[in-house]
Amino acid sequence: MHFPNNTFSEINRTAGRIEANEGHLAEIFGTICTKYVAPSICVFGIIGNSFSLVVLMRKSLKQSPYINLKALTIVNLLALLVSFPYMIRGENSTEYAWRWYNIYIFIPFVSLLTATSIWIVVLLTVERFLYVKYPLRARGQCGRRGTIIRILSILFVALLMSLHKFFQYELDPIKGKYVETAFKQSLMSFIIEIALMVIIHFIPLIVLAVINIVLVRTVRQARNRRLMLNLRNNQEGGWQKDERRFTVTLASIVILNICFIGPTTVTDILHLSVLGGHSENLMTTIVFMRHISNVLLWFCLSFNFVLYCTFNKRFFKAMKEILQFHRFRRNRFQSVKSSEMTFLRSTNFDS
């Protein structure tokens with residue numbers, strides 16, 4: 001992901017080259033996004049992903065598709081945890097430690113984690129397509145071990161694609177400001193950014209859009225067949241119902257990711273056209289679109305818990321079991337405590 005260009009610090013530097021009134025408007029818009037909207041979404045996402053991870057650790061959710069959801073939840077949670085300090089303190093701080101955090105922790109690791117998140121969704125989508133088209137073969141080939149290996153492979157490739165982020169900026173020890181390195185200003189860096197834009201934005205966008213259309217059509221056809229055959233829910237196999245519900249869950253996740261990847265891809269194209277010297281008038285549009293794409297990014301990382309609860313009954317059932325278990329333990333503790341107090345009162349009375 002082309003994340004350094006997504007950072008609000010670079011947006012503010014870009015806005016300084018725009019006309020005064022447009023730059024002031026962009027600064028106000030960026031302040032609202034950074035200080036109010038993004039932290040609120042991030043807090044919601046940290047809480048939601050943490051609870052999702054607890055639910056997904058249940059023994060009833062150990063199948064291969066849910067391993068992908070666990071990996072996706074962990075990656076999204078880590079991305080939000082790394083981003084939150086930047087939102088609260090790191091962006092506007094002039095302290096050396098916070099600026100070091102921004103260029104050596106926030107930029108490369110959020111780039112790594114967001115790229116991993118996008119490609120885990122792609123992996124999940126492709127596996128779901130195989131389950132739908134070739135169910136018997138997919139059950140044998142898309143096992144838990146193979147899924148874990150594929151997730152680790154995605155993480156390793158994403159790490160390789162994010163290594164150059166560590167060498168794009170450095171700190172001026174005297175002024176304490178960000179300075180673009182010679183590598184960042186080189187043609188090689190420009191070529192790498194274009195290649196990554198294709199790998200992390202264009203290819204996933206096309207794959208997710210095409211396969212999601214196929215999955216939605218398949219779900220509709222299955223529903224129509226059920227209506228034609230007059231099958232009720234209790235006459236449908238448990239495995240079939242779970243697979244159909246998971247397909248609907250995945251379709252909602254894919255739509256959410258498309259809503260994020262689409263604007264980011266358009267913004268990257270506009271940014272590269274400006275770097276190529278085509279037009280400086282696009283700077284204002286890029287500033288606003290960068291803010292919007294950042295908000296969509298954190299929304300995409302934070303909203304999966306709502307999708308799980310809304311479209312996946314198996315996840316929702318596991319969540320209710322956890323809540324009922326803790327409620328049972330609390331009520332049992334209160335009843336035992338009440339019994340002990342009653343016993344103590346009766347003992348004091350008898351004595």
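This is a predicted model: local features need pLDDT of at least 70, side-chain atom pairs count only at pLDDT 80 or more; totals for chains, interfaces and linings use all residues.
Residues are numbered from 1 along each chain as its sequence is written, and side-chain values use heavy atoms, without hydrogens and water.

Val157 is partly exposed at 42% relative accessibility, where buried means under 20% relative accessible area, exposed over 50%, and partly exposed in between (1.4 Å probe, protein chains only). Together with Phe156, Leu159, Leu160 and Leu163, Val157 forms a nonpolar surface patch with about 440 Å² of accessible area. Such a patch joins nonpolar side chains within 5 Å, taken from residues with over 30% relative accessible area and no salt bridge; the areas come from the Shrake-Rupley method with a 1.4 Å probe.

Helix H6 also carries Arg150, whose partner Glu127 sits in helix H4 (residues 96-133), 23 residues apart. Arg150 is partly exposed at 28%, whereas Glu127 is buried at 4%.

The whole structure has four salt bridges. Another of them pairs Arg58 with Glu321, with 3.0 Å between the closest N and O atoms. Arg58 lies in the loop between helix H2 (20-56) and H3, and Glu321 in helix H11 (residues 313-350), so this pair ties together parts that are 263 residues apart in sequence.

The largest nonpolar core has 55 residues, and Val55, Leu61, Leu69, Ile253, Trp298 and Phe315 touch the most other members; a core is a set of buried Ala, Val, Leu, Ile, Met, Phe, Trp, Tyr and Cys residues joined through side-chain atoms within 4.5 Å. Helix H3 (residues 64-90) gives the most to this core, with ten residues. Beyond its neighbours within four places in sequence, Val55 is in contact (heavy atoms within 4.5 Å) with Leu61, Phe315, Ala318, Met319 and Ile322.

Helix H3 also contains Asn76, which is buried at a relative accessible area of 1%. Leaving aside neighbours within four places in sequence, Asn76 is in contact with Asn49, Ser117, Leu301 and Asn304.

Terms used. Helices (H or I, at least four residues) and strands (E, at least two) are DSSP runs, numbered from the N terminus. Patches are made of residues with over 30% relative accessible area and no salt bridge: like charges are joined within 9 Å, nonpolar side chains (Val, Leu, Ile, Met, Phe, Trp, Tyr) within 5 Å. A salt bridge is a side-chain nitrogen of Lys or Arg within 4 Å of a carboxyl oxygen of Asp or Glu.
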